[in-house]
Amino acid sequence: MQHQVKSDSIEREIARIVLSECSFQAMLTKIADEIGKLFQAEACGIFANKLDSFERTSLVGCSKATVDCQTIGWWQGENFRVENQKQLIEKLSQSLFIDTKARSNESKSASCTNSGDCKIFSVEALESSVREILPTIICLGSLTKTRNETNGAIFLLKDRYSSWTDSERQLLEQLANTIAIAISQVQLQQQAQTQARFQTALSRISEKIGQNSAPEKLFETCLSEIGDALQIDRASIIKLKYQNPFKIQQSKQKVRGTVRVASQWFASEANLNLQQYSFNLQDSQLCQQALKLAPKSLAITEKAYFPDVPLEQLDNEINFDSSALLMMPLMGKTIGDSNCPLALGFLVLQHNSPRIWSDNELDLLGWVSIQIATAILHHQTLSRVQSIVDDRTSQLTHALEFQAKLTEKMRRQIEQLQKLNQLKDDFLNSMSHELKTPLTSMKMAIKMLRQQQLPPAAQEKYLNILEQEWNREYNLIKDLLTLQQVESGELALSPQELDLNLIVEPLALAFADKWQSDKGLSLKSELADSAVNLYTDADSLQYILEELLTNAGKYSDPDTTVEFSAWRVRHQEPTVAIAVSNYGTGISAEELPYIFDKFRRGKGVTDRAVQGTGLGLALVKYLVDHLNGSIEVASEPVAKSQTFVTTFTVKIPQFQAAIIDRQKI
C-alpha cells in the first residue's frame, strides 16, 4: 500500500514536470531527481531514445554516438563520488545502447529500430558495465515501453552494501511505465511541433516560388526556412561548374570543375556578413563522394568537415568545423548519352553536434532540392532565352540600322539623280536657247547678205551680226572645254606678276561699249592703292573678272552703276580682294546656295531673254578654287526700294613660291 501511495505521488509529480518543462533533457533530469531521492539512491539516470525527434539537446562529456541516439537525464546525490563523472555517464550510455543481430526475445532487452544493424537497449549490459566500472555500486534498471516498443531506460545506483528490495523493483517497474508514457507524449508533441515547422517552411517556400522571385531570393528563403525548421547551425547552396560535363561518368576518376557557394545561411548572426567563396571540385572528397551517390543524398552523422579542402583553396580562408553533414543533390537535365541527370549543385546542411538525418527531414529536403533545381534550370532557360532575344534584337537593330543607312543612301542617290535630271534639263534648255538663237540670227544674216544690190551699210550690219553670233558660239564651246579641263585637273597655271590697273582698264572700256548703248550702264572702278599688284595666273584672273562684269551687266537695272573695287586684305598678306556689285532684281535666298551650280540659272531669266548658259559663274567658282582663293555672294535689298544690291567678292592669294623666289633675287 505504501508503494502504491509513493507511486501515485511520483506519477503526479512526473505529470507536473512534463507539463511545465519545455526542454526534453531538463524534463528527464528533474524526473531523475525525483526518482533518485524517492529510492534514496546514489544516482539516477534516464535514457530516452529519439524517435524522429529534432531536439538538439546534448550532455557535455557524452560520446557523440550516444548523444545522437539518446537524450539523457542525470541526477546524483551529494555523497556520490566518482573520479570522472562525464566519463562515467558516457560509458553507461554506451553500455546501455548496444549493437546486436537479434535479442528482442530476451527479458531485459528490447530493440530500437534504426538503419543498419538492430540497436538494442540492454539493462543486463548496463548492470554488467556498472559492476566493472564501479565495483562498490549495485545497479537497478528497467526499460520504458509503450505499445511493446522500448523508448528508453531508467536505472538507479546504490552502495553495494545495500540491496534492492522486491518492493523497490516493483515500484521502479510501475514508474517505468509512467516515464515511458511521458517520453512518448513529449516525443509526440515534438513531432507535432516539427511537422508544424515543416509545414510553415513549405508554405513560405511555395509562396516565394509563386512570386517568381529571382533565384538568389528563393535561395535565401529556402535556406532560412530549412535552417529554422531543422534547427541546424548553417546551410548553403553550392553550384557546380564542370570542366567537361559531356565526359562525366560513374567511374573512379575524379570529376573536375569548380564549386561556387551561391547562397549561405547561419543560425548565428555573427556570421551573416560572411562573403561567398569557391574552390576546386577535384580537391573535395565529400563533393566527389556526393556526386557518386547522386541522385541520393550523402548523410554523415558525425566528424564531417565541409568544405574539406586546404585553406588556401578558399577565397577567405574559411574552414567550418562540423559534426553532422547532409549534401542533397540538385539534379538537372541529362547530359550526353548517359541516362543519369547531372547534378547542378548541392543543398548542404551542417550541424555542430552529431545527429541522425531522419526520413522526414530527407523528404522535406528532397522536395526543397527539387524546387531549387527547378528554379536554377528555369533561370538558366530564361537566361538563354533572354540571350537569344538580345542577340536577335541586336541583329534586328543592326539590320534596321543597315536598312536605314541603305534607305538614306538611296534617298541621297534619288536626290542626286533628281539634281542630275534637273541639271540635264537646265543644260538642254540652256543649250537649246544658246544654240538656236545664234543660229537663227546667223541664218537671217546670211539670207539678207544673199540679196542683190544690198547697200554697203546693210552688208556691214549683217556681217557684224554674223561675227557676234560666231563669237557667242565660240565662247560657249570655249567655256565647255575650259570646264572639262578644270574638272579633269588638266588646266595648267602660269603664275606671273600682274598689275590690276592694266587688266581693269580694257575691261572697263569693253563694258562701256557694250552696256552703255544697250542699258545705259556705267562702271565705277575704285582701287585702294594706286597700283595693286598680285602674282597669279593671268588667264584665270582675266576670265574671272570678265565673267563677273558680264554677269553684273546682264542682271543690272537700266541706267544704274556697276561698282568694281579691289584692295589688299589685312592679316591675310599677301591676298587681294576684288568686289563687283550691281543693282537689280537680285538673287532670292532659295537660289543663293545653287548660284555656282553648272547650267543652273535663276528663275525667270529665260523669260526676260537674258542670255547665258549657266556656265559662267560655275567656271568662276572652279577657277577661284583652282587659284586657292574663295568667292562669296550676297544679295540684299536697298533701303526704301525694291531694288537689290548683289555683290560678288573674290579673294585671291598670291603664289608663295613666286614671292619667295623674288625675295631671294
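Trainee: Leaving aside its neighbours within four places in sequence, which residues is Glu-225 in contact with?

Mentor: The model is predicted, so local features need pLDDT of at least 70 and side-chain atom pairs count only at pLDDT 80 or more, while totals for chains, interfaces and linings use all residues. Residues are numbered from 1 along each chain as its sequence is written, and side-chain values use heavy atoms, with hydrogens and water left out. Contact here means heavy atoms within 4.5 Å of each other. With neighbours within four places in sequence set aside, the contacts of Glu-225 are Thr-200, Ala-201, Arg-204 and Ile-205.

Trainee: Is Glu-225 buried or exposed?

Mentor: Glu-225 lies in helix H7, residues 215-230; helices (H or I, at least four residues) and strands (E, at least two) are DSSP runs numbered from the N terminus. A residue is called buried under 20% relative accessible area, exposed over 50% and partly exposed in between, with a 1.4 Å probe and protein chains only. Glu-225 has a relative accessibility of 10%, and therefore it counts as buried.

Trainee: How far apart are the end C-alpha atoms of H7?

Mentor: The expected span of a helix is 1.5 Å times one less than its number of residues. H7 has 16 residues and should therefore span 22 Å. The model agrees with this, since the end C-alpha atoms of H7 are separated by 22 Å.

Trainee: What is the phi of the residue just after H7?

Mentor: H7 itself has several buried residues, including Pro-215, Leu-218, Phe-219 and Leu-230. Just after H7 comes Gln-231, whose phi is positive, at about 55 degrees.

Trainee: How many helices and strands does the protein have, and what share of its residues is buried?

Mentor: The secondary structure comes to 14 helices and 20 strands. The protein has 665 residues, and the buried share of them is 42%.

Trainee: How far does helix H10 reach from its first C-alpha to its last?

Mentor: H10 covers residues 456-488, which is 33 residues. At 1.5 Å a residue, 48 Å is expected for H10. The reach in the model is close to that value, at 48 Å.

Trainee: Is Gln-459 buried, partly exposed or exposed?

Mentor: Gln-459 has its place in helix H10, where the buried residues include Ala-458 and Tyr-462. Not counting residues up to four places away in sequence, Gln-459 touches Leu-449 and Leu-454. The relative accessible area of Gln-459 is 36%, so this residue is partly exposed.

Trainee: At what angle do H10 and helix H13 pack?

Mentor: Two packed helices are described by the angle between their axes and the distance between the axes. Axes are lines fitted to C-alpha atoms, for helices over the stretch in contact, and angles run from 0 to 180 degrees between N-to-C directions. In this pair, Asp-479, Thr-482, Leu-483, Val-486 and Glu-487 of H10 meet Leu-619, Tyr-622 and Leu-623 of H13. The axes of H10 and H13 (residues 616-626) are 10 Å apart, and the packing angle is about 35 degrees.

Trainee: Is the crossing of helices H4 and H5 left-handed or right-handed?

Mentor: H4 (residues 85-96) and H5 (residues 123-133) pack at about 145 degrees, with their axes 7 Å apart. A crossing is left-handed if the near helix is turned anticlockwise from the far one by less than a right angle, and right-handed if clockwise. The crossing of H4 and H5 is right-handed.

Trainee: What is the relative accessible area of Gln-40?

Mentor: Gln-40 is found in the loop between helix H2 (24-38) and strand E1 (43-49). Its phi is positive, near 50 degrees, in a residue other than glycine. Gln-40 is exposed, with a relative accessible area of 66%.
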